[in-house]
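Subject: Structure handover

Hello,

Here is the structure for you to look at. My notes follow below it.

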Amino acid sequence: MEVHNVEMVMSAVQPSQYPTDGLPEIALVGRSNVGKSSLTNTLINRKAFARTSSQPGKTQTLNFYKVENQVFFVDVPGYGYAKVSKSAREKFQVMIGEYLEKRQALRGVVQLVDARHAPSREDIEMYHWLTSEEMGGLPVLVVATKADKIARGRWNKAEREIKKTLQFSDQVSDFEMFSSETKYGKEIVWEWIEARMLDGTDFSVDDDTPETSN
Ligand SMILES: Nc1nc2c(ncn2[C@@H]2O[C@H](COP(=O)(O)OP(=O)(O)OP(=O)(O)O)[C@@H](O)[C@H]2O)c(=O)[nH]1
Ligand SMILES: [Mg+2]
């Protein structure tokens with residue numbers, strides 16, 4: 001997609017604050033500092049539209065970015081940030097669960113992992129939750145980012161290792177190497193997102209407040 005127009009529409013911590021435009025939504029999840037905001041900026045051709053930081057845990061709300069008036073990217077707070085208090089972490093979990101399980105407009109999730117390392121326990125838990133029966137077949141794209149930090153000759157090995165650790169299933173998910181630094185993978189990630197946007201399936205597992213449909 002050629003992107004010309006992006007608005008940071010809103011931050012939400014609860015369903016009453018979600019947008020009501022009826023546009024499809026794609027969520028971005030992953031550990032703090034893995035590169036969610038950077039991936040957003042890469043996809044929308046902006047240097048620093050979504051705040052990036054070397055300081056993990058900066059994003060603490062669901063941030064909805066409206067792209068070309070066609071889709072929302074939803075930047076979800078990074079999990080696994082040790083310095084966030086336990087009660088704050090529990091609040092995040094409720095907020096994230098509420099959104100990922102119940103949001104009717106959600107068409108797919110991009111889960112970011114670090115291409116350099118085996119996925120963490122939290123990455124594995126997140127992947128298994130996203131691809132579990134209870135998510136009702138919600139499409140998941142695993143993106144291994146910061147690929148520029150490993151030599152090209154080691155990409156296949158990295159991919160194999162990540163898939164093995166996640167117990168990755170081709171049936172319920174896709175995989176792509178990515179770099180916000182070199183823009184590698186940008187087109188493929190966009191194609192995946194556009195395919196999800198065209199698919200009108202409602203994957204929510206529970207009723208939420210009625211949404212305006214289009
Ligand atoms: N080399 C390289 N650095 C990256 C890449 N993606 C992100 N980074 C760097 O990693 C750091 C964290 O990136 P962010 O995009 O802020 O990460 P985030 O997942 O949004 O972090 P939180 O908002 O804290 O959850 C920044 O210093 C980025 O410049 C990449 O593909 N390659
Ligand atoms: Mg961020």
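A polar contact here is a pair of N or O atoms within 3.5 Å; within protein, one must be able to donate a hydrogen and the other to accept it, and residues adjacent in sequence count only if both atoms are side-chain atoms. The model is predicted: local features need pLDDT of at least 70, side-chain atom pairs count only at pLDDT 80 or more, and totals for chains, interfaces and linings use all residues. Residues are numbered from 1 along each chain as its sequence is written, chains are lettered from A and ligands numbered from 1 in the order in which they are written, and side-chain values use heavy atoms, without hydrogens and water.

E68 first. A polar atom of its side chain lies 2.5 Å from the backbone nitrogen of N5. E68 sits in the loop between β3 (62-67) and β4 (71-75). Helices (H or I, at least four residues) and strands (E, at least two) are DSSP runs, numbered from the N terminus. E68 counts as buried because its relative accessibility is 18%. Buried means under 20% relative accessible area, exposed over 50%, partly exposed in between (1.4 Å probe, protein chains only). Beyond its neighbours within four places in sequence, E68 is in contact with M1, E2, V3, H4 and N5. Contact means heavy atoms within 4.5 Å.

Now the chain as a whole. It has 5 helices and 7 strands. Their order along the sequence is β-β-α-β-β-α-β-α-β-α-β-α. Of the 214 residues, 50% are buried. Among contacts with a separation of 6 or more, 77% are between residues 24 or more positions apart. The accessible surface is about 10800 Å², and carbon and sulfur atoms hold 46% of that. Areas come from the Shrake-Rupley method with a 1.4 Å probe; for residues, only the protein chains shown count as cover.

Next, strand pairing. Two strands pair if DSSP finds at least two bridges between them. β2 (residues 25-30) and β5 (residues 106-114) are parallel, with 6 bridges. G30 stands opposite L112 there. β5 is also parallel to β6, again through 6 bridges. V109 has V140 of β6 as its bridge partner. The chain goes from β5 through α3 (residues 121-130) to β6 in a right-handed β-α-β crossover. Right-handed means that, with the strands pointing away from the viewer, the path from the first strand over the helix to the second runs clockwise. β6 (residues 140-145) pairs with β7 in the parallel sense over 5 bridges. V140 faces S173 of β7. β6, α4 (residues 155-166) and β7 form a right-handed β-α-β unit. In β5, 9 of 9 residues are buried. In β7 (residues 173-177), 4 of 5 are.

Which residues touch the most other members of the largest nonpolar core? Y99 and L100 do, in a core of 38 residues. Helix α2 (residues 86-102) gives the most to this core, with 5 residues. A nonpolar core is a set of buried Ala, Val, Leu, Ile, Met, Phe, Trp, Tyr and Cys residues joined through side-chain atoms within 4.5 Å. A second, separate core of 22 residues includes V3, L28, L43 and V67.

Finally, F64. This residue is in strand β3. F64 is buried, as its relative accessible area is 0%. Not counting residues up to four places away in sequence, its contacts include E25, F72 and Y99. The C-alpha atoms of F64 and E25 are 8.7 Å apart, and 39 residues separate the two along the chain.

Best wishes
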